[in-house]
Amino acid sequence: MTDTNARRMHAVTGETRELVDLVLDYSRRRILSEDTPLDKPLPEYELRRLAGQTVSEKGMGAERALALFEHVLAPACITTDHPRYLSFIPTAPTKAATAFDLVVSASAVYGGSWLEGSGAVYAENQVLAWLASEFGLPATSGGVFVQGGTLGNLSALVAARDSARALRPDFDGRWVIVCSAEAHSSIASAARVMDVDVVSVQPGESGVLGGEAVRAALEEFGSAVFAVVATGGSTNFGIVDDIASIAALKDEFDFWLHVDGAYGLAGMLSPLARDRFAGVERADSVIVDPHKWLFAPFDACALIYRDPEAGRRAHTQHAEYLDTLTDTTEWSPSDYAAHLTRRARGLPFWFSLATYGAAAYRDAVTASIQLAERIAEEIERRDGFRLVRRPQLSVVVFEREGWSKEDYSIWSARLLEEQRAFVTPSSHAGRPNTRFAVLNPLTTFEDLVDILDTME
Ligand SMILES: *Cc1c(COP(=O)(O)O)cnc(C)c1O
């Protein structure tokens, strides 16, 4: 009896077939649905009332559990790929990428080592090589898909500090990262984990951090600076730092240049934005999140090192039981970031890119930029609206004149309550505002105009 129960969850039986059919049917419906509502969060007491206690000794069976997910739990999760999801940085995975995510799970691929997952690693590496060449990095660069930009930034900065330690073995002060005051919060988070300091430099009115401001920090903090982080598309505004002028400082100072392009670096795929990123080809490491503007499902960040050996030296885990993996020259993704076991999370993106081709991606990125530009012009035209900055990429930040923070909050909550859109309040320099992060190719100009109309 115990034995039967032990095998029941793994063996292929009639029960298993039904369960797999149920799950695939649901997935098929969801992937092909064109009217999945936006949905919204529920308070915990409400979920407790609706879903009750879901975990028990006996189990409730797949049919009930899936129904519970479909009718109670999923509707309590905002549909992040909805065309009117315009907050934070949205996600909008291609159909191919979403569908292939199921395949990655079904295939039980271990993505950590060449020994176990060479085919998957080969495909992932082709994508990384394609990205590297788009960014102008040398063909010898390489890296790994990690969980997100936060882990990508941390892993890159750990490698940067390791390199600095090797170059400056006698340095015994506090290490310093220099970045813009508009850099993403994950840089400060990485610094806390690493126990190093952050010097955030004011980028000035334009929001663009440039070489002169960075030079001042380098002169002040000298050899304590092991890394400079340039942001390739800030989260709040989509502002791209002047990477070329920062990179030029490498001729005079010894630092690792990391480009945080989690959201924006994908902009390089579009001829409309490519030039803004000049200088990225001199980076020692870069990140870009496929789960943002590269239309892949959660969660994936491409971390690329100019010199992958620097990443490998910093991150390879050593243990007797791992020697068989680490005593080789084979490419094991685990060696390039602060992780070991990993899903081959680059594969959904690989499948989609292989399927549709790079040109489709260029067009999708270009479309976001064009739509952002068009709605920015509309906002400028409207009385009572103020565009906070011209969009550089696809984030449009604007104010409704006279609105307080509370006005934005009430309006935003109502939009979601009425299932019209998900647009959250934000602020800049102490002034409340709101923003459209335009990324989903299914978002239309009319969608955005409708939302502006609700602010009249
Ligand atoms: C989103 C973002 C991050 C963090 O990435 P996660 O995948 O959310 O961890 C870092 N930097 C920038 C510029 C971002 O936009």
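Which backbone nitrogen lies 2.9 Å from a polar atom of the side chain of H82? Select H82 and R84 together: the nitrogen belongs to the backbone of R84. Such a polar contact is a pair of N or O atoms within 3.5 Å; within protein, one must be able to donate a hydrogen and the other to accept it, and residues adjacent in sequence count only if both atoms are side-chain atoms.

The model is predicted, so local features need pLDDT of at least 70 and side-chain atom pairs count only at pLDDT 80 or more, while totals for chains, interfaces and linings use all residues. Residues are numbered from 1 along each chain as its sequence is written, and side-chain values use heavy atoms, with hydrogens and water left out.

**Around H82**

Remain at H82, in the loop between α4 (62-73) and α5 (95-106). Helices (H or I, at least four residues) and strands (E, at least two) are DSSP runs, numbered from the N terminus. H82 counts as buried because its relative accessibility is 16%; buried means under 20% relative accessible area, exposed over 50% and partly exposed in between (1.4 Å probe, protein chains only). Leaving aside neighbours within four places in sequence, display T36, P37, L38 and N440, with which H82 is in contact (heavy atoms within 4.5 Å).

**Domain 1 and domain 3**

Next, colour the chain by its domain assignment: domain 1 (2-77), domain 2 (100-356) and domain 3 (358-453). These bounds come from an automatic or database domain assignment. Five residues of domain 1 are in contact with six of domain 3. The area buried between these two domains is about 400 Å², with 58% given by carbon and sulfur atoms; buried area is the accessible area (1.4 Å probe) that two parts lose on being put together, summed over both. Select L38, D39 and K40, which supply 90% of the area that domain 1 buries against domain 3.

**The seven-stranded sheet**

Now show the open sheet of seven strands, ordered β1-β7-β6-β5-β4-β2-β3 with mixed pairing. Two strands pair if DSSP finds at least two bridges between them. β1 (142-146) and β3 (197-201) stand at the edges, each with a single partner strand, so one side of each lacks a neighbour in the sheet. Zoom in on β1 and β7 (residues 301-305): the two run antiparallel and are joined by five bridges. Here V144 stands opposite L303.

**Helix α12**

Finally, select L325 in helix α12 (residues 323-326). L325 and W114 are 211 residues apart in sequence, yet 8.2 Å apart in space, C-alpha to C-alpha. Beyond its neighbours within four places in sequence, L325 is in contact with S113, L115 and E116.
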